[in-house]
Amino acid sequence: MTEKKKISICELRQGQSARVVEILGGHGIAERLNSMGIRPGKDITKVSTSFMRGPVTVSVDRCQIAIGHGMAQKVMVEVI
Amino acid sequence: MRILLMGNPNVGKSALFSRITGTNAVVSNYAGTTVGFTRGSMKLGNEEVEVIDVPGTYSLEPTSKAEEVAAKMLLEGDVVINIVDATNLERNLYLTLELLEKGVPVVVALNMWDDTSHRGITIDIAKLESLLGVPVASTVAVSGQGIKELVERIPEARSPKPAPRTKAERWAAVGGIITEAQTLAHRHHTWLERLQDASLQPRTGIPIAIFALAASFFAIRGVGEGIIQYITDPLFHKLWEPVMMRLSDALGGSGFWHDVLVGRLLDGSIDFSKSMGVLTTGLYIEFAIVLPYILIFYLVLGLMEDIGYLPRLAVLLDSIMHRLGMHGYAIIPSMLGMGCAVPALMATRILESKRERFIVATLISIAIPCAAAQAMIFGLVGAEGWQYVAIVFGVLFAVWLVTGLILNLSIKGFSPELLIEIPPYRLPSLRGVLTKLWIRVWGFLKEALPIIMGAIFVVSILYSLGVFDAIANFTAPLVSGIFGLPKEAVVAIIIGFMRKDIAIGMLAPLGLSAGQLVIGCVVLTMFFPCVAAFVVFAKELGFKKLLAAMVIMIIATIIVGGLLNLVL
């Protein structure tokens with residue numbers, strides 16, 4: 001892939017890996033994601049699909065984090 | 001001296017606490033098991049020192065009530081044992097650096113050490129120690145490995161006090177440390193990890209969840225009933241009844257003290273569920289009827305907690321819970337509420353917003369039957385047939401849904417987003433499961449027994465004074481008119497305020513029809529939590545919130561009880 005597109009983790013397919021590039025939204029959200037290891041520059045893998053706007057689960061540093069749908073839409077990544 | 005145990009959620013602080021103090025603390029496999037702080041003490045050299053198990057936190061800038069407790073506690077500690085999950089060094093070290101920057105003396109316990117090798121993680125402890133500038137000891141808190149060495153190194157706790165960093169600088173520093181001290185190797189998926197993923201994917205996870213919950217429900221009812229039928233009830237009849245009959249004879253078969261202690265004789269003999277004596281019905285309800293359900297409920301819950309299932313359930317239910325003004329993690333206090341509302345209301349501290357805490361706490365108080373209420377439901381309605389039990393639980397579930405929907409729509413604000421760590425599945429240890437069961441069952445008996453005995457004592461006095469007749473006549477229009485219950489049932493409803501299970505002894509003698517029993521059980525469950533839950537609600541959320549919840553409770557109970565009376 002030459003062109004890198006910024007998408008939210010909601011749009012990732014199950015099993016796809018990506019690098020976090022930006023966390024949109026307020027300071028509070030970025031802070032909380034940050035303290036759980038999700039911050040720009042980190043590689044994540046989407047673990048589960050969500051349904052009915054359920055949470056998105058990603059694995060980061062061998063640890064799984066479930067992120068509510070609304071918050072997940074603010075986690076922007078580039079597919080790697 | 002005061003030692004604080006601090007670390008990220010679910011790294012084993014409580015397990016380590018139990019190990020070094022010999023005090024039992026509830027240990028589970030999910031973030032937020034400890035919401036208050038538990039104190040204990042240990043011998044360090046010749047000195048007796050205080051040890052505090054602090055709720056888990058990801059950083060010293062708190063985002064929930066439980067994390068706030070943690071940040072505040074830091075000011076009162078002399079030494080911090082920072083417990084670090086060795087399988088997730090990077091994220092855990094962030095808090096370590098924050099602690100060091102605060103200038104408190106720290107010892108690091110590299111916990112879950114046994115998990116590192118099969119996960120392909122190698123950590124150079126000597127290197128880590130020199131990079132952090134504080135002692136580091138590897139531990140396995142659940143088995144006790146390395147605890148002695150850790151304790152020996154507490155006096156070496158140091159505070160290198162690095163200059164305060166910005167967040168980015170701190171993460172960079174963490175990155176630097178792990179590149180030097182940790183190496184990761186590839187490894188294969190284990191069957192536990194496959195099961196882990198399967199129970200998280202909606203497609204496979206929802207059937208698994210339905211199966212797990214249904215199996216739990218049937219196990220609890222089946223085993224609970226089995227214990228009653230084959231163990232506790234026969235024990236009371238064969239061993240305790242003769243003793244009580246002798247006491248009855250000694251007291252002359254009637255009179256004030258006879259009625260208080262032994263209760264009224266029915267056809268010349270004791271009926272354990274109806275006589276209402278402190279030593280007959282009081283002990284029988286608690287030990288023969290409620291205790292079996294408490295035992296099996298907490299065993300099943302403990303297994304689910306220790307395996308690490310609950311956070312997965314939280315993820316699966318998140319989108320539904322959102323419509324009720326909560327997020328998925330609210331399932332944890334709600335499930336605890338099926339045991340007892342008191343720890344459940346305290347567990348609402350793991351939720352971030354006040355609004356959500358209020359909704360969850362109100363729903364726990366109204367629509368979630370605690371073990372005592374379930375014992376009442378099974379005991380009273382169960383005898384009439386399965387379908388009636390199903391109606392009671394179905395109605396309560398509907399009340400939970402509808403009340404949640406209404407609260408979500410009518411209270412200003414929005415439900416916060418879920419953000420939780422999903423712990424790996426762990427095989428529970430027998431010792432761990434049994435210890436926790438013991439803590440909870442003992443806690444239950446200690447709380448419940450004095451109240452139920454006291455309540456039955458008060459009831460017998462009020463009976464003999466004729467107070468209940470006056471109340472029954474006064475409230476007859478409500479109780480008979482709306483709920484279709486005989487006016488004497490009001491006594492059960494009032495006494496249910498002290499403890500729900502006593503109502504078994506009060507409704508049983510009234511000879512109610514199946515429909516009336518269903519209404520009675522639903523009304524009793526919904527109407528006012530017991531006095532202990534009442535006090536904790538006020539303590540946790542404030543008196544105003546409690547009043548609001550009570551108004552909701554009364555309105556909901558009247559509507560639901562009235563509707564059921566029309567239908568049944």
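Helices here are DSSP runs of H or I with at least four residues, strands are runs of E with at least two, and both are numbered from the N terminus. Chain A as a whole averages 88, with 96% of its residues scoring at least 70.

This is a predicted model, in which local features need pLDDT of at least 70, side-chain atom pairs count only at pLDDT 80 or more, and totals for chains, interfaces and linings use all residues. Residues are numbered from 1 along each chain as its sequence is written, while chains are lettered from A and ligands numbered from 1 in the order in which they are written.

Next, select the open sheet of 7 strands, ordered 1(A)-6(A)-2(A)-3(A)-4(A)-5(A)-9(B) with antiparallel pairing. Two strands pair if DSSP finds at least two bridges between them. At the edges, pairing on one side only, sit strand 1 (6–8) of chain A and strand 9 (419–422) of chain B.

Now zoom in on strand 3 (residues 43–48) and strand 4 (residues 56–60) of chain A, an antiparallel pair with 3 bridges. Pick out A:Ser48 and you'll find A:Thr57 of strand 4 of chain A opposite.

Finally, show chain B, with its 24 helices and 9 strands. Its C-alpha atoms fill a box of roughly 80 × 55 × 45 Å along the principal axes.

Note on methods
pLDDT = per-residue confidence, 0-100.
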